[in-house]
Amino acid sequence: MKQTIFALASAQGRAGVSVIRVSGPQAPQVVEALLGRLPRPRYTTLGHLRYEGELIDQALVLWFKSPNSFTGEDCAEFHIHGSRAVLERLYAVFRAEGLRHAEPGEFSRRAFENGKLDLTQAEAISDLVEAESEAQRRQALMQLEGGFRDRYAKWRDALIRILAHIEAIVDFPDEDIPEHLSERIIADIITLKTDVGAAISDARRGQQIREGYRIAIMGKPNAGKSSLFNALLQTDAAIVTPIAGTTRDVIESPIRIGPYAALIYDTAGLRETEDVVEFEGIRRAKARGQSADLRLWVVDVSDAAEDLSNIQPGDYLILNKTDQISAESLAALRYQHQDKKVRLLETSLTKGEGIEAVQRALEIDLEAALSLSTFPAATRERHGERLREVDAALDRALGIGFATPELMAEDIRLALSAFDALFGRTDVEQVLDHIFSSFCIGK
């Protein structure tokens, strides 16, 4: 924290303009050394950057005086022409002035350690930088604006009130305490536990938005899985041939479905085989299907021996090659599967028919599963773990009850500690190292 750091805050590579960020006690010294003066704080200044008489570039310079900066330290930004030569010359100047190159996430970590951000907001910055879909952008911004802080703070305040009431009973057993205080405490714990439990159940949604909703295409060889995969991606990402077993491994590709990011997987055809390589591909296909958020089962309607026993409620059942059977046979198939609680769709992928219906169905279902109309209570596994710790502590407190109020109070303190860990108030150094190491340099 005592060292002054610098890093490129804009994208790598040649650009019209690049931005270099500097933070630390030597920031004003560096600005004066290059610009010849210290400009008015928080105002953009156009000037020539010179060092030891050498003209380096014409640039826009911004100067932020502590604590009114992103990091809470003295901070500066140099908006320069984005050539590699200019960047390298300025880097050499910074090193000559005793600055060092920032580690990944070091600017955000300093902001966190100086109280400018809590840990959930710092994580939101990383998510916003990585956002590729509209939903990811909106979720990261809501988190950065304090969406987690506001929601968790209410629960934390409730825990403090509960703890104060329990300790009043412990410390002042002979005082005139309201008769129904213990019943009120129990009711408050139950209410809070219900809210936290609902947040835990909803935690997966935030992670799905952030990481991508996982969609696995399953089925027998030659059912049309790779054709569907290519049609959804609108590119020839997977090889399509009439030879059974062409797809031997799981093929993964990102896809945008409405405002949501998803990962779609083409898998090996499921069948009995003695081929070692194909057997491994089938094993991986089954594993991917089990871990997926949604499974699309592609069925060759001309195959009378099709086994549909693996299809579960909530799956898609895509009847493919509908052009190869009669209307009566197709109607019979619809009737056969109408009560299986699956979404039934019909395609003829070789003719390009039915794909729009599949796309529309996916958009509707992802909107229902991932809607941001309510802000999720967790976007990372770390958040879910802390919420589960809170839930477990509240469960123990209810189990102990007022038979031993001292132990009940201790579990409420443990729940408070879990909330503090969410914001980074009690996280150990190794946890912080892990979180900020995932950031890009310059943040």
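Strand S7 (residues 213-219) and strand S10 (residues 294-300) run parallel and are joined by five bridges, with Ile-215 standing opposite Leu-294 in S10. The model is predicted, so local features need pLDDT of at least 70 and side-chain atom pairs count only at pLDDT 80 or more, while totals for chains, interfaces and linings use all residues. Residues are numbered from 1 along each chain as its sequence is written, and side-chain values use heavy atoms, with hydrogens and water left out.

**The open sheet**
- Six strands form an open sheet with mixed pairing, in the order S8-S9-S7-S10-S11-S12, where strands (E, at least two residues) and helices (H or I, at least four) are DSSP runs numbered from the N terminus and two strands pair if DSSP finds at least two bridges between them.
- Strand S8 (251-257) and strand S12 (343-346) stand at the edges with a single partner strand each, so one side of each is left without a neighbour in the sheet.
- From one strand to the next, the twist averages 25 degrees; axes are lines fitted to C-alpha atoms, for helices over the stretch in contact, and angles run from 0 to 180 degrees between N-to-C directions.

**Helices on the sheet**
- Helix H8 (residues 225-233) packs on the sheet, touching S7, S8, strand S9 (260-266), S10 and strand S11 (316-320), and its direction makes about 155 degrees with that of S9; contact means heavy atoms within 4.5 Å.
- Helix H10 (residues 327-337) lies across S11 and S12, running at about 165 degrees to S12.

**Strand S5 and its partners**
- Strand S2 (residues 15-23) runs antiparallel to S5, with eight bridges joining them, and Ile-20 stands opposite Phe-78 in S5.
- Strand S4 (residues 54-64) is also antiparallel to S5, through five bridges, and here Leu-60 stands opposite His-79.
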